[in-house]
Protein chains: 2
Amino acid sequence: MKNHQPTIIDIAKELGISKSTVSRALTGHPNISKETQKRVLELAKKLDYQKNTLALSLVKHQSFSLGAVVPELIAPFFSLAITGAQEVTSRAGYTLFICQSNESYLTEVANVKALAERQIDGIITSLSKETTDIEHLRNIQRKGIPLVMFNRVSADLEVSKVVVNDREGAFQAVEHLILAGYKRIAHLAGPKNLLISQNRLNGYLDALRTYNFPIEDELITSYDLSKGQARVALMRLLDLPQVPDAIFCINDPTAIEVMQILKVRGIKIPDDIALVGFSDDPASSLIEPSLTTVAQPIIEMGQVAAQLLLDQIQGDAEKFVPETKVLKTKLIVRRSSVKGGI
Amino acid sequence: MKNHQPTIIDIAKELGISKSTVSRALTGHPNISKETQKRVLELAKKLDYQKNTLALSLVKHQSFSLGAVVPELIAPFFSLAITGAQEVTSRAGYTLFICQSNESYLTEVANVKALAERQIDGIITSLSKETTDIEHLRNIQRKGIPLVMFNRVSADLEVSKVVVNDREGAFQAVEHLILAGYKRIAHLAGPKNLLISQNRLNGYLDALRTYNFPIEDELITSYDLSKGQARVALMRLLDLPQVPDAIFCINDPTAIEVMQILKVRGIKIPDDIALVGFSDDPASSLIEPSLTTVAQPIIEMGQVAAQLLLDQIQGDAEKFVPETKVLKTKLIVRRSSVKGGI
DNA sequence: TTTAAAATTGGGAACGTTCCCTATAAAAAT
DNA sequence: ATTTTTATAGGGAACGTTCCCAATTTTAAA
């Protein structure tokens, strides 16, 4: 019936002491006798007292909570990165609250707002595929809330970032295809507004140029990363007068979707068409044929992003300078791109 | 330098009116003239005022935030369920904060505590594999914080729950194996403390009994769901004098892990050993051979759990009675359990 | 007009903490 | 014994809101 959570004042009244003293006992402040502290602690335990972090945060202007806003958790990339981030933040005594934008710009904005309204101490984020306007993040920055971006970062924001050498990784992937003897290498790219799409596309172009391959616009096609939409882009490639003999896909989910469609159509991988992805999602080694991919140190990305955030939070805001960490990718050659087998 | 977030008081001072009036303008309270409201709204916009939800929550004893505590987001089951839950909660104006227990009991307890300290309005949870002591959840309940469990629920807690008919689903899976002609059907079970492990095991036993198959203890082996540990349990089965010709696995990740090992060892699926999983994870239809599995309405589970939570929050606490929703599973037969091919 | 009603505003308590400052009590130094 | 130091405790402001109640102004009714 009465659903009153015991407060510090309840304890004070019951013990006939002041709330200041109770506070000291509970926080372990030195100015208190062992005796009183013991009494307070015992009663607190008995009443199942639980501190109200809201009140604390209000006065301290600190909530000891961090927010992570990511496109979607079903993508192994993001859930692994989050896991890495959580590891670091929880070790530092912060609680990490995770929000999904569901690849929606509006949801992303709403998430960021909800976190800010709750006086979060910092945010880690990776942009939704729809996001081009980054005013909501500028806002956060303007308010002095530390912000770190990873993976899908914005070039227009002066914040700490964690990325991989996408361009170089893409270069190696395409170089591998060239060296494996493929002649007509297509690129199934991601949304043009995402920096990683651009970088990976550039890596693809670099490789073609380096090996004196012609660059053909018709071999480059992009899509918006929506589940099921890779099919449309793929069809554009398959309907070409001269069908490609290899496809470098923007990421693993895309490559896997492509592979499913090719298999249904009786197109042999890697004999008719080779496939390379990006990320090394867990499923990539499970499927048949296993997928050649550019592995990223995903968990480490999350860890590094979290560490940068903590450093910024705990450091001197005056002398803070944003930092971009570029982690290394690693090409993992599997069966989807090696004709003789592996 | 001065990093002061504008408050309602700043606006009041600048406009020469009282904070009450500003509050009314901002919240859309009727007792205010259109004129003043307009002035307040304009200044608020200009100052980029953002409300401090913490202060509101403190006085209202409501935070408009919900918490979800799940074992791990990398498992498609949980990220999908969360997605369903988020859909419902955000539509109702709540922000859902997601926490991972990482399958650790202590982390689960810490997560629940962190959420409660932040005066969360309700919690959705699925137990970690280690959890046997549910005192932390009883605590939540005792404090009057609405709690809904899904998937991995506890029998000892009188809260609303969302589950599937695990026992029946398991029965159908094993029945399918029996009808497909398999004679020595093993069960690779989950941790014994989890109710779903028990239910699925019972479904397995039900099927054997129904079809007058002998129940052999050596064909039932369990493991703790740790990544990579299915191998150990599988070896116990493979080392039997009479190796099983079919394995019903506690879930899809387990079945997939088993499949990888069997493939490496040159054991043919489904000819030498058939495999059935539980959940219909996305990877299950991708792998070779595709995995027969018991599909659950995962997203719906999340939605229903969220709805139950909202109902409880918004309803009358006096007349609340916990409710258990049992959703239906559906057997999906794929190649891993059909000898002739499909 | 005068009064009553309605609309609009302001004042201040409350939410649960921490922390600064002061007050008291006990211990140590003179 | 007296003063000084130290240990411990209490009082009250502050954090940013909302909301109740009273005060004021405006409008409507008498």
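**View 1. Helix α10 of chain A, outward face.** In this predicted model, the face of α10(A) turned away from its buried side carries three exposed residues, Arg231(A), Val232(A) and Met235(A). The helix spans residues 230–238.

**View 2. Helix α10 of chain A, buried face.** Four residues of α10(A) are buried: Ala230(A), Ala233(A), Leu234(A) and Leu237(A). Seen down the helix axis, the buried residues fall within an arc of 100°, so they line one face of α10(A). An α-helix has 3.6 residues a turn, so residues three or four places apart point the same way.

**View 3. Packing partners of α10 in chain A.** The buried residues of α10(A) pack against strands and a helix of chain A. The strands are β6 (185–189), β7 (220–222) and β8 (246–249). The helix is α11 (252–264).

**View 4. The contact between chains A and B.** Chain A brings 38 residues to the contact, and chain B brings 38 residues. On the side of chain A that touches chain B, the elements giving two or more residues are α4, α5 (76–91), β2 (95–100), α6 (105–117) and α11 of chain A. Of these, α5(A) gives the most, with six residues. By class, this side of chain A holds 16 nonpolar, 16 polar and six charged residues.

**View 5. The surroundings of DNA strand C.** DNA strand C is surrounded by 26 residues. The closest come from both chains: Ile8(A), Ser23(A) and Ala55(A), with Ile17(B) and Val59(B). In chain A, α1 (8–15), α2 and α4 each give two or more residues to this surface. The largest share, five residues, comes from α2(A). The surface near DNA strand C has eleven nonpolar, twelve polar and three charged residues.

**View 6. The surroundings of DNA strand D.** Around DNA strand D lie 26 residues. Ile17(A), Val59(A), Ile8(B), Ser23(B) and Ala55(B) are the closest. The residues near DNA strand D divide into eleven nonpolar, twelve polar and three charged.

Conventions. Residues numbered from 1 in each chain as written. Chains lettered and ligands numbered in written order. Predicted model: local features only at pLDDT ≥ 70, side-chain atom pairs only at ≥ 80, totals over all residues. Buried ≥ 20, exposed ≤ 12 C-beta atoms within 10 Å, placed from the backbone. Arc of directions from axis to C-beta. Contact = placed C-beta atoms within 7 Å. Near = placed C-beta within 6 Å. Nonpolar A, V, L, I, M, F, W, Y, C, P; charged D, E, K, R; others polar.
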